[in-house]
Amino acid sequence: MIKPVAMVDVSPNLPPSLERLRELAYNLHWSWDHEAMALFRRLDRDLWEETEHNPIWQLGLIGQEALEAAAHDEAFMANLDRVCSRFDAYMSKEARTWYRRHYGEFDQPYLAYFSMEYGLTECLRNYSGGLGVLSGDHLKSASDLGLPLVGIGLLYEEGYFHQYLNADGYQQQSYPINDYPNLPVQQVYNADGEPLIIELPIADVTAKVCVWKVQVGRVPLYLLDTNHADNPDGIRDLTDRLYGGDKRTRIRQEILLGIGGMQLLEALGIRPTVCHMNEGHSAFLALERVRVMMQEHPGLDFWEAADVCAAGNLFTTHTPVPAGLERFGYDLIDEHFPYLWEALGLTREEFHDLGRENMGGFDLFSMPVLALKLCHATNAVSQLHGAVSRTMWQWVYPEVPEHEIPIGAITNGIHIESWLSGEMASLYDRYLDPVWRDEPDNAAVWEDVERIPDAELWRTHERRRERLVSLARRKLRAQLQARAATQAEIEGASEILNPDALTIGFARRFATYKRATLILRDKERLARIVNNPDRPVQFIFAGKAHPHDHPGKELIKEIVKTAELPEFRHSMVFLENYDMSIARYMTQGIDVWLNTPRRPKEASGTSGMKVIYNGGLNASILDGWWAEAYDASLGWAIGSGEEYDQEEWDLQDYIEAQALYNLLEDDLIPSFYTRGRDGLPRDWISRIKSSVKKLAPFFNTYRMVREYTEDYYMPSHERFQTLIQPDITRGKTFADWQNTVRAKWSKVKIVNVDVKPEQLKVNEDLNVQAWVDLGDLTPDDVEVQVYYGPLDSRGQIVAGEARNMQYCGPDGNGRKNVHEFSKSLNYANTGRRGVSVRVLPHHADLADPIHTGLITWATR
């Protein structure tokens, strides 16, 4: 290869009247605006498809004659004007967004969202799966709501891998280079017009980090990239691949995301009050926030600064499987962080303890543990996942009842307009209040789905199924050609699937716990189901296994080999290289979305949510989001939410496979094929409408991001601002109080508890008195609570409730430091009840006393 002596950037030569196409192309608002996408498609339909729906590349490839023709096409120019008018109204600073209506104006973003990956559109391969797509949808809804939010991530030269199958059906990986000059990504420059470079210490190297920007509607997303000529190879290659490399690569990527991300915001003049860690990958940002605060306020020690900064940190956990969490050996910690623990005033052991976790006999540094310790707010991504997470992390909060572990839950959602087909959007526009686009969490809006004529709804969905079948045939043909299949096999791809048959889809990451092959457990029975001439059924599979997940690859191979059998050849297909484009075709055209995880290992899942809005139905194990969404009138449950120990997994698979076959044969298939005289499946359509009415208002990111704002962002913002404004005096006072309470808590003891009467009748008062030795603390420093609830078979209080006790004054018998508290309880039901008393720290600026790790219980 020849090294150039100079580099030049070549950009499209657009006629002046088309210049705004460039502006539209560089803002990913087009990715959820059907008319904007239609505008680019109108320029050159074939080129739009060839460029994977990438308007930047399309504008670079399209011929000058075509551009001139478009500039003189009155219809095209009118279309461009409409798109620009709507875009300008959306982007206007005068737009009365939800955030401005509720919280007022802002100058700079002060909410920072950190994620390792972002799935925004298929042409920008900066994502691997559900986590990234959720991050992308989060930014889009933050834009729609008008939040003062900025995204932080990494820019990967190769992104996640391109999947293809060999002749034996085994997954192979390739890593095409992302051509960023031809993507909707722009390099960031400093005030001098030079590329902005962040200098970041990574082990013994000072890495030079480039900065890129993706505009997502109103929200800027900044991506960090180490592909700088001055970096040594090991650092320059750091951002080659998403989730690639060894543990050293991973920890360096996470240093880049967390610490580099905070330094980037500083260079941009953005001081976030709230930092949202989407998974634990970015948890090192909490340490960087503390370092900067200590540097700017020399009187603060680490623990004081950490207490203040934690008020503005939020951690969202996505992983209910302990093995899926990010952990590092201490050799890697020692290689990368001596400078940081010295700057923080910590010893090596104290730094290690911030993330220490003992797992299966291994002592490791855990990113989620670091996040839990340095955030005052943590949430899971579904209600069931919240319960699982509280169990998983109970050891971090000793002596705290499981249901009180401070991990909340905000159920995931999807960005509706990114995943809704144009045909269904038009249907909603005709029959629903137009506000469905602006207030999709308004349940009353979705009630109008009953106004849609059954025939019109069904024909719209059928057209999307036909398009899905057409896509599957094209994709399979290309796959077979790439594998050097016989000409007969290639030609046979044009006959697979039936555009009128019940079509069931399964597409997601091929982790083994998701059990993609559960439906194949009894192939003879499945063959009878799919080959019923009167009621045919067909399956479309897609998804990637992690490059190192060989059991996951074996699942893909089994599906491919099954699809090659004569009895399944026309009714089953696996589509390679699952991406956002294939996901849209599938979720918009599938009749039933199948989900078979091993409960409770699915944190949430969002793919099944996408079919809600497109007239599809869900059939799933009661796990993740479906555990809270399921209703017999709007879909199907496989099993009843049972959970099995590992030694029973084979039995579980047998039972749940049989339940799935029974469900198909006895309910699902008959419902689809039972038609009225007009040929419509009335019961099926009724389920579709019920699904939309009951689920559409909730399972969207508009509701999700609004909940994040109301429940976490704004309370954290206000608490953090209170601690640091007008100076950090209040924050230091609060931190000093916490240090004092920690130092003196060992002396806190509950001396005596008096409960009278021990037998009472319903609606009679139970009087509880407690005498507490507070040592060197005062009654204002604590919260004394009575804790009561039903007893289990071992005499333990289960699902207890806590009520604050009233302060009665110093001990009447003159005992030093002892204070009396009391509370009356009233029981509305009979039965044995347990009563206890506990003491927790109390302070006006304390987000949750459980986070302090200080709790004292009464003992007999």
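Lys-694 is partly exposed, with a relative accessibility of 47%. In this predicted model, the side chain of Lys-694 forms a salt bridge with that of Asp-631, at an N to O distance of 3.6 Å. A search of the whole structure finds 63 salt bridges, whereas the number of disulfides is zero.

**Salt bridge between Lys-694 and Asp-631**

- The side chains of Lys-694 and Asp-631 meet in a salt bridge, and the pair links distant parts of the chain, 63 residues apart.
- Lys-694 belongs to helix H29, while Asp-631 sits in the loop between helix H27 (626-629) and strand S21 (635-638).
- Asp-631 is partly exposed, at 29% relative accessible area.

**Other salt bridges**

- Salt bridges that share partners join Asp-334, Arg-348, Glu-349, Asp-353, Arg-356 and Asp-363 into one network.
- Glu-35 and Arg-82 form a salt bridge through their side chains, with an N to O distance of 2.9 Å.
- Because Glu-35 lies in helix H2 (residues 34-43) and Arg-82 in helix H6 (residues 74-91), this pair ties together parts that are 47 residues apart in sequence.
- Glu-35 is partly exposed at 23% relative accessibility, and Arg-82 is partly exposed at 45%.
- Arg-20 and Glu-23 form a salt bridge in which the closest N and O atoms are 3.0 Å apart.
- Arg-20 and Glu-23 are three residues apart in helix H1 (residues 20-25), so about one helical turn separates them.
- Arg-20 counts as partly exposed at 27% relative accessibility, as does Glu-23 with a relative accessible area of 40%.

**Trp-684 in helix H29**

- Trp-684 is placed in helix H29 (residues 682-695).
- Trp-684 counts as buried because its relative accessibility is 0%, the cut-off being under 20%.
- Beyond its neighbours within four places in sequence, Trp-684 is in contact with Trp-458, Leu-502, Asp-591, Val-592, Leu-617, Trp-636, Leu-668, Ser-671 and Phe-672.
- Phe-672 is twelve residues from Trp-684 along the chain, and their C-alpha atoms are separated by 5.8 Å.

**Arg-390, a buried charged residue**

- Arg-390 is located in helix H17 (residues 383-392).
- Arg-390 is buried yet has no salt bridge, the nearest side chain of opposite charge being that of Glu-402, 6.5 Å away.
- A polar atom of the Arg-390 side chain lies 2.7 Å from the backbone oxygen of Ile-407.
- Leaving aside neighbours within four places in sequence, the contacts of Arg-390 are Glu-402, His-403, Ile-405, Ile-407 and Gly-408.

**Cysteines**

- The structure holds zero disulfides.
- Cys-275 is in no disulfide, and the nearest cysteine sulfur, that of Cys-309, is 8.8 Å away.
- Cys-275 counts as buried at 0% relative accessibility, and Cys-210 is buried with a relative accessible area of 6%.

**Open four-stranded sheet**

- Four strands form an open sheet in the order S25-S24-S28-S29, with antiparallel pairing.
- Strands S25 (801-804) and S29 (856-857) stand at the edges with a single partner strand each, so one side of each has no neighbour in the sheet.
- Strand S24 (residues 782-790) and strand S28 (residues 833-841) run antiparallel and are joined by nine bridges.
- Glu-783 has Leu-840 in S28 as its bridge partner.

Note on methods
Residues numbered from 1 in each chain as written. Predicted model: local features only at pLDDT ≥ 70, side-chain atom pairs only at ≥ 80, totals over all residues. Heavy atoms only, no water. Helix = DSSP H or I, 4+ residues; strand = E, 2+ residues; numbered from the N terminus. Buried < 20%, exposed > 50% of the residue type's maximum accessible area, 1.4 Å probe, protein only. Contact = heavy atoms within 4.5 Å. Pairing = 2+ DSSP bridges. Lys, Arg positive; Asp, Glu negative; His and termini not counted. Salt bridge = Lys/Arg side-chain N within 4 Å of Asp/Glu carboxyl O. Polar contact = N/O pair within 3.5 Å; in protein donor to acceptor, adjacent residues only side chain to side chain. Disulfide = S-S within 2.5 Å.
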